[in-house]
Amino acid sequence: MTSAERKEAISAFIFLIPFLIWMVFIMGGPILAAFFLSFCKWDILTPIQFVGLDNYKEMFFNDPRFWKSMGNTAYFTILSVLPGLVLSIVVALLMNQKVRGIGIYRTLFYLPSVVGAGVAMAVLWKWIFNADSGLLNYMISLLTGIPMSDCPKWMASEIWSKPALVIMSLWGVGGSMIIYLAGLQGIPTALYEAAEIDGANQWQQFLTVTLPGLSPIMFFQLIISIVGSFQIFTQVDVMTDGLGGPADSTLVMVLYIYQKAFKYYQMGYASALAWVLFIVIMLATWVQFRYSKWVYYEGELRK
Amino acid sequence: MTEQTIASPNAAPDGFWASKRRNEKITKIVVSVLLLIGAVVMMLPIAWMLSTSFKTRTDVFAVPPVWIPSPLHFENYPTAWTLSGMYAGEDWSFLGITFHGITFTTYIVNTLTISVLSCLGATLSSSLVAFAFARLRFPGRGPLFLLCLATMMVPAQVTMIPTFILFKNLGWYDTFYPLIVPAFLGGGAYNIFLMRQFFMSIPYEMDEAAKIDGCSNFGVYWRILLPLCKPALTTVAVFAFVYNWTDYLNPLIYLDSNSKKTLALGLKNFVSLYGQDYHLLMAASLLVSIPIAVIFLVGQRYFIQGIATTGLK
C-alpha cells in the first residue's frame, strides 16, 4: 500500500465512523444479543436465566398464538404483495401514456402512500371499515344493491378483518407505482422501435420489451414489499387497540412480539419470536434469489 | 421475425396510418378514463375524512351519508386540538422553558423536534458514509457495502429488544435520544444506498480536478459533491422527516410521560378515549397529516427525480 492509498483508507475510515458505530451497537450487536436472549428467560427486573431451547420448544409445540400469528402474517403477505405488484405496474403503465394532466394524476396516486403509513390513516380506515355507516360498505351497497346490513363486517369480523388490512395496504400502491414509472421511462425507446419494425403488436411489445425491462425493479420491489408486509404493525395496533382482534384474527407477528416484550416483559421469549421472524424473512428472500432466473439484466448481454 | 412482417407497414394500404392514429386516440381516451376512475377511488377516503370532520356527532352515522354537511362545523378542529391533549394540569417544556397544560401543541413541538433533528442527522450522515463507499478506496469496501445492504433484510423487531435495553441503561428511556441519535449514525441502509447511487452517477473527473486544486477528501464531499446532490438529499430529507413524523413503534417503546408524547402517540391515545367521536378523530387525523401532505407537494418535484435517478439499480 502506498502512502497515498493509506491516507485515502484512513480518511475513508473517518467518514465511516458513524456507520461503524451503528453497525456494531445498533445492528450487529443487538442481533447477536437477541440470539443469546432467545435462549434465556428474562423479565428485565430479575437476573437473566439461561433456559436452553425452552422458548423455541414452547413456541413450536405449546403456543397456538404463535402459529396463529404466523398464519395471519403469511395470509396478509400473500394477499397483499401480489395484487399490489400487479396493480402498481398497471397504474404505472397507465401513467406512462402521454395524456392530459398526468402530473396531477401522479400526485393523487402517490399522495396516499406518503401520508398512509401512520396512525392518522389507520384511524381513517377504522372509520371507513365501520360496518354500519362506513364508506366502504356504503359504496358496496350503492354499486351492488346489497343492503349495508348484509355487507362484510370488516374489522369486526374474523373472516373479513385480514382482507380489510389488504384493501388498506393496496391504497398505498402509489409508492411502488412511482418506482415502476421511473423504470418504464428508463427502457430505451429504441427497443420499442426495433420491436415495431419486427411487426410486434402492443401486447407482444409489452411481453418482450416492457416486462423484461422492468424485471430487475420487480425483483427488488418484490423483496422489499415482502419484508415490509411481514412487519405490519401500526395499522393493526391502532385499529384493534393493540389486541389483534377479533379473536386473534389480526394478531400478526410484530404485534405478538410487541405484546410479549412490552406488555408481559417476556424478553427472552419475544427475542426468540423475533429471531423466527428474521429467519422466515431470510428464507423468503433466499427463495426469491434462488428462483430469480426470470429477472433480465441488460448488462449481461454486453459480455 | 420474418421478412414479410418487416415489410408489412410499407405494404399497408392507405388506411393503415389513419386507423393507427385512430387507435392511438382510442387508447388515450381509455387510459384517461381509467386514470380518472383510479384517482377518484384514491381520493375518496380523503374526501370522506374531510367531510366527516365537519359533521356533528349524530350526522356522522347518517345513512346515506351527506357529503357536504350544512352548516360546516369548523369548531371540531379547535375542539380536537384541545381535547387530544387532555392533560390540562401537567407541565411540559421546550428549550428549557416550562409551559402549563398539555395540548396538541405539545405533541407538535415534540414531533417537530424529533423529526427535524433526525432529518438533519439522516441527511448529513448518510451522505458522509455514502461518499466513502462511492468515492474512496479502502480494503474491504465491497464486503462492507454488501453487509450494509444486507441490513435492509433485518426486521427492526430483531434488534428492538437489545437496543431498548442498551438505551435504557444509558438513561435514555423517556427521552428523545433513542429517536434522534440513530439517525446521526448513518441514517439507515436505504438512505446510504440511495446517496451512493447518486454519487456514482457524478463523473469522477470532478473530484480529480478539485483534488489537483488542493481540495481535501472532505472538501470534495462538502463543496463539490453535496451541492450537486440536491435531488438525492431532498429525497432522503423528505423520507426521513415523513418517517419520523409518522413513526409509531419507536415512540411507543421509548416515550412514557405525557409531556414527551409525539403526535402519533397522542392521536392513538385520543382514539382510545374518543373512539366513537369520528368527527373529532377525523379532524385530529387531518391536522396530523396536513404537514406531511404540504412537504410532499412542495418537495415532490425534487424527490420524484431523486427516486427516478437513484432508487432503482
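Visitor: What area do chain B and chain A bury between them?

Guide: Chain B and chain A bury about 8300 Å² between them, 80% of it on carbon and sulfur atoms. Buried area here is the accessible area (1.4 Å probe) that two parts lose on being put together, summed over both. Please keep in mind that this is a predicted model, where local features need pLDDT of at least 70 and side-chain atom pairs count only at pLDDT 80 or more, while totals for chains, interfaces and linings use all residues. Side-chain values use heavy atoms, with hydrogens and water left out.

Visitor: How many residues of each chain are in contact?

Guide: On chain B there are 97, in contact with 92 residues of chain A. Contact means heavy atoms within 4.5 Å. A:Ser11, for instance, touches B:Leu136 and B:Asn217, leaving aside residues up to four places away in sequence.

Visitor: Why is A:Ser11 called buried?

Guide: Its relative accessible area is 14%, and buried means under 20%, with exposed over 50% and partly exposed in between (1.4 Å probe, protein chains only). So A:Ser11 counts as buried.

Visitor: What makes B:Lys268 and A:Asp241 a salt bridge?

Guide: Their side chains meet at 3.4 Å, N to O. The rule asks for a side-chain nitrogen of Lys or Arg within 4 Å of a carboxyl oxygen of Asp or Glu, so the pair qualifies. Across the interface of chain B and chain A, the rule finds three salt bridges. The largest share of the side of chain B that touches chain A, 18 residues, comes from α2(B).

Visitor: Why is the pair of B:Phe54 and B:Phe74 called edge-to-face?

Guide: The ring centres are 5.0 Å apart and the planes stand at 70°. Rings of Phe, Tyr and Trp (its six-membered ring) pair if their centres lie within 6.5 Å; planes under 30 degrees apart count as stacked, over 60 as edge-to-face and the rest as tilted. The pair is therefore edge-to-face.

Visitor: Which of the two is buried and which is exposed?

Guide: B:Phe54 has 14% relative accessibility, so B:Phe54 counts as buried. B:Phe74, at 51%, counts as exposed.

Visitor: How do you know that the charge of B:Lys168 sits over the ring of B:Tyr173?

Guide: The charged end of B:Lys168 is 4.9 Å from the ring centre of B:Tyr173. The rule wants NZ of Lys or CZ of Arg within 6 Å of the ring centre and within 35 degrees of the ring normal. B:Lys55 likewise lies over the face of B:Trp48, at 5.7 Å from the ring centre.

Terms used. Residues are numbered from 1 along each chain as its sequence is written. Chains are lettered from A and ligands numbered from 1 in the order in which they are written. Helices (H or I, at least four residues) and strands (E, at least two) are DSSP runs, numbered from the N terminus.
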